[in-house]
Amino acid sequence: MSYFEVAAPPSSEKSTSGIKPRILGNRAIWVGIFAEFTEFTLMFLVYFVARINHPQDFHEGPQKLSVLAGSMNTVLMVTSSFFVARAIVAMRAERREVCMRWLVAALITAAGYPLVKLLEIRWNVSQGLTGNGDVFLMSYYYLTFNHLVHVSWGILGMGYVIVRIWFGGYSAANHDGLVAFASYWHATDLIWLMIFPLFYVLP
Amino acid sequence: MREKMKSTQKLDLIWLLLLALTLGGAFMGKIAEPGFWITLVIAVITAIKGRMVIDYFMELNDAAPSIRRVAKTFGMIVPLLMVATFLWRDE
């Protein structure tokens with residue numbers, strides 16, 4: 001039994017009882033998440049085709065990049081995602097102030113991601129690692145910039161749900177919008193967990 | 001209440017495991033020689049981390065089957081391609 005079942009309102013959100021399959025948040029966000037998965041799957045396919053055709057560039061690539069920056073951004077994404085998960089648990093228990101605190105912590109952590117990215121790119125450029133480099137660097141910039149755009153949408157969404165909570169917009173009984181945002185944010189975290197080993201770890 | 005405490009503790013544990021696997025995987029990738037086994041280990045770590053996010057952060061075990069299957073498939077694409085492209089390259 002997952003923690004969700006324990007903490008959720010008993011009537012509307014259970015599905016293991018066989019009443020109906022659950023759509024977490026709302027249908028619209030899942031259309032967006034499916035589109036996001038499709039977009040990144042295509043980019044991953046391009047990455048692997050390039051990797052097969054340019055093995056030397058991809059073997060040397062991770063040694064050029066800052067594994068510290070990549071690891072820091074992974075820690076920031078995972079931690080921000082964890083804070084959002086805790087915020088959802090708090091909201092289900094009708095603890096709005098606690099929920100707000102977790103979300104503010106998630107926002108601060110998430111804001112660290114573009115900051116680290118900026119520092120990383122400045123370091124890259126100082127090392128001569130630009131988008132005009134080899135095919136590894138081109139795919140690195142293309143994929144990670146795309147992910148940064150998705151993180152930016154997520155940060156805006158996080159700001160929006162924080163404002164809504166501030167004005168009493170969600171409750172334990174009705175917080176689909178908050179769950180929809182959380183689903184998007186976790187999906188963006190999941191994508192980063194796929195990107196990180198491809199560019200910073202896999203030798 | 002006791003059940004809920006357990007659930008938040010589970011989230012805490014998953015978060016710590018994700019951090020440990022991230023840092024451990026990065027360290028191994030740095031020190032290991034390129035080869036099949038390190039590729040396999042990194043692929044398995046990536047798959048486990050993805051599944052943890054899907055099961056515990058996204059809570060998709062209890063979601064509509066279409067959503068659950070798409071997310072779980074997505075979480076397996078990169079790990080499988082890591083191993084497949086290594087084998088392909090070796091041929």
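Here is a short walk through a predicted model, starting with chain B and ending inside chain A.

Let's begin with chain B. Now look at the overall outline. Taken along the principal axes, the C-alpha atoms of chain B fill a box of roughly 55 × 30 × 10 Å. Its radius of gyration is 16 Å, whereas a compact globule of 91 residues would come out near 12 Å. As for what's tucked away, 34% of the 91 residues of chain B count as buried.

For a pair to look at, find Leu40(B), which sits in helix 2 (residues 36-57) of chain B. Leu40(B) and Val83(B) are 43 residues apart in sequence, yet their C-alpha atoms are 6.2 Å apart in space. Is Leu40(B) buried or partly exposed? A residue needs 20 or more C-beta neighbours within 10 Å to be buried, and 12 or fewer makes it exposed. Leu40(B) has 14 inside 10 Å, so it counts as partly exposed.

Next, turn to the place where the two chains meet. The contact takes 46 residues from chain A and 44 residues from chain B. On the side of chain A that touches chain B, the elements giving two or more residues are helix 1 (3-7), helix 2 (27-53), helix 3 (55-64), helix 4 (67-92) and helix 7 (176-201) of chain A. The residues on that side of chain A divide into 31 nonpolar, 10 polar and five charged.

Finally, let's look at a helix pair in chain A. Helix 5 (residues 96-126) and helix 6 (residues 135-166) of chain A pack with their axes 10 Å apart, at an angle of about 155°. Which way do they run relative to each other? Angles over 145 degrees count as roughly antiparallel, so that's the label for helix 5 and helix 6 of chain A. The crossing of helix 5 and helix 6 of chain A is left-handed. If you'd like to trace the contact, helix 5 of chain A brings residues including Leu103(A), Leu107(A) and Tyr113(A), while helix 6 of chain A brings, among them, Val151(A), Ile155(A) and Ile162(A). The residues of this contact between helix 5 and helix 6 of chain A divide into 17 nonpolar, two polar and two charged.

Conventions
Residues numbered from 1 in each chain as written. Chains lettered and ligands numbered in written order. Predicted model: local features only at pLDDT ≥ 70, side-chain atom pairs only at ≥ 80, totals over all residues. Rg over C-alpha atoms; globule rule 2.2 N^0.38 Å. Contact = placed C-beta atoms within 7 Å. Helix = DSSP H or I, 4+ residues; strand = E, 2+ residues; numbered from the N terminus. Nonpolar A, V, L, I, M, F, W, Y, C, P; charged D, E, K, R; others polar. Axes fitted to C-alpha atoms, helices over the stretch in contact; angles between N-to-C directions. Parallel < 35°, antiparallel > 145°, perpendicular 65-115°, else oblique. Left-handed = near helix turned anticlockwise from the far one by under 90°.
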